[in-house]
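Welcome! Please take a moment to look over the sequence and the 3D view below, and then we will walk through them together.

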Amino acid sequence: KWITDGVYQRFNTQFMMMKQLEQINEISDINIQQVFIDDIESDGIYDIVHVGIQYSMYDGFESKKYTRLNDAGPLQAMDFWSFIKKSGVKEKDLYHTTNCPNCGGNLPDDAGETAKCPYCSTTTYLGDYDWILAEITQPDDYYNANSKYEKQGKFSKKIREQIGEKQDFSLQLLEDKASNGYMQMMTALVTKKPEVARRFVSDVLFDKLESQIKSQPKFVFNRLYLNHVTSFDYFRKDNKDNIVIALKCSSQKIKNIDTNSPQFESSIFAKDEVLIMSRDAGAVKPQGSLYAHSCPNCGAPIKDTIEINCTYCHAQLNSTKFEWIISDWMTANEFYTYKNSIASDFVIDKKIDDLDDMFAVRDYALNNVLMMIAADGKIGDDEMQFINVLAKKWNYDLNKIQGFLMLAKNNKLVVRMPQDAKQKQKIIKLMEKAANIDNTVTAEERALLEEVKSL
């Protein structure tokens, strides 16, 4: 009752992956050291508050199936939690009561995926009554991505000019639907059950997913994170509003898990992907939400199914008449090809790399070089000297270097690469140089290099 659909699905998907790995995550000694409001913004008829939380805890992963995944130790970290609520509504406390904020009836202990009151059918997590958690972001993504101020800036204004001032439109909630749908697709790929994602995607995208599921060897994610989900462009085509969503996803796969020789990716890799969210121009407010298991036409409950018609009113579930549907999913490079192939005018015409506008090429390089020298579990004097030379050359603040180093030593860095091909090659050459500093390229370093080159 306290989290949006998108946050729920992120948790749900990760738990499903852990179950497949027979994995548990033990946390203890949680110490919240600081909580502060970092920013407040408006998004249509909604308010968003970004809250920083600094904490420490013991964090331990243990897998009965693959013991090499076991990892445990103390963690010092900071997250940014974004809460959403409708502007001007009086808060009805969802955090210190078990009663429905609308009718006062007792809410069930386990609200499940829909979080509806059993008496009046009120949905608690839409921001109508209290602040609801809509996103959790790590500091590097929070500070580097400019998405947190786009919702109340020129971009949001241009989008609203195109689609009109509809009362149900919110960029934050649209991005939440994109998160939910993306995680449903990832679940479908891992479980090889396309019906999991059926109601969220267009018929064309469903065929694409089904084909990929049939041709792809069985795998599971050891780690799967959405670093940020950002609306960044708009176009109108075939009388549909289309909003382009950029996703930065960090993941680590175990491939060929149905064989005697599963293949473990050596590191967590970040990649940029694009979703196109489509809805009919002039669409009216839906009676329910596909993303909360209810028919957008009549509001009746629906189950995970490959059937695309409501069993009550027979309306097409994945229709763009009422709801935002994922009409396409592609890599960043595929998106640029797609963009050049259609005649539609893009309102913003922004590049995906622009979304990390504070993450310069030197940051990508330093991040990946540190991952390389820490790949074998130790950082030698020669390697440290190489880092210091780079830091001096690139005019780095020593405090920032220490932060990178701490993350590298704790195996918390994620491989990041820009989209630009020439910049990628420069970074790969630096990583190769870092690997050869001690005149020995270890198996771990070699594996990381090969994986980076294949991105």
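Does Asp128 count as buried, partly exposed or exposed? Asp128 counts as partly exposed, because its relative accessibility is 24%; here buried means under 20% relative accessible area, exposed means over 50%, and partly exposed lies in between (1.4 Å probe, protein chains only). This is a predicted model, in which local features need pLDDT of at least 70 and side-chain atom pairs count only at pLDDT 80 or more, while totals for chains, interfaces and linings use all residues. Residues are numbered from 1 along each chain as its sequence is written, and side-chain values use heavy atoms, with hydrogens and water left out.

**Salt bridges**

- Side chains of opposite charge can pair when their charged atoms come close.
- A search of the whole structure finds 10 salt bridges, each being a side-chain nitrogen of Lys or Arg within 4 Å of a carboxyl oxygen of Asp or Glu.
- One of them joins Asp128 to Lys86, with the closest N and O atoms 3.0 Å apart.
- That pair links distant parts of the chain, 42 residues apart: Lys86 is in strand β3, and Asp128 is in the loop between β3 (71–86) and β4 (132–137). Helices (H or I, at least four residues) and strands (E, at least two) are DSSP runs, numbered from the N terminus.
- Lys248 forms a salt bridge with Asp272, and their closest N and O atoms are 3.0 Å apart.
- Lys248 sits in strand β6 (residues 240–255) and Asp272 in strand β8, so this pair ties together parts that are 24 residues apart in sequence.
- Lys248 is buried, at a relative accessible area of 2%, and Asp272 also counts as buried, at 11%.

**Arg198 and its partner**

- Look for Arg198 in the loop between α5 (171–191) and α6 (203–215).
- The side chains of Arg198 and Asp203 meet in a salt bridge (3.1 Å, N to O).
- Arg198 is buried, with a relative accessible area of 8%, whereas Asp203 counts as partly exposed at 35%.

**Cysteines**

- A disulfide is a covalent bond between the sulfur atoms of two cysteines.
- The search of the whole structure finds zero disulfides, where a disulfide is a pair of cysteine sulfur atoms within 2.5 Å.
- Cys295 is in no disulfide, and its nearest cysteine sulfur, that of Cys313, is 3.8 Å away.
- Cys295 is buried, with a relative accessible area of 1%.

**Around Asn297**

- Asn297 lies in the loop between β8 (269–280) and β9 (325–331), and it is partly exposed, with a relative accessible area of 30%.
- Leaving aside neighbours within four places in sequence, Asn297 is in contact (heavy atoms within 4.5 Å) with Gln287, Cys313, Ala315 and Phe322.
- From C-alpha to C-alpha, Asn297 and Gln316 are 8.5 Å apart in space and 19 residues apart in sequence.

**Nonpolar cores**

- A nonpolar core is a set of buried Ala, Val, Leu, Ile, Met, Phe, Trp, Tyr and Cys residues joined through side-chain atoms within 4.5 Å.
- The largest nonpolar core has 54 residues, and those with the most contacts inside it are Tyr182, Met185, Leu275 and Trp329.
- Helix α5 gives the most to this core, with 10 residues.
- Not counting residues up to four places away in sequence, Trp329 touches several residues, including Tyr182, Met185 and Leu275.
- Apart from this core lies another, of 28 residues, among them Leu413, Val415, Ala435 and Leu449.
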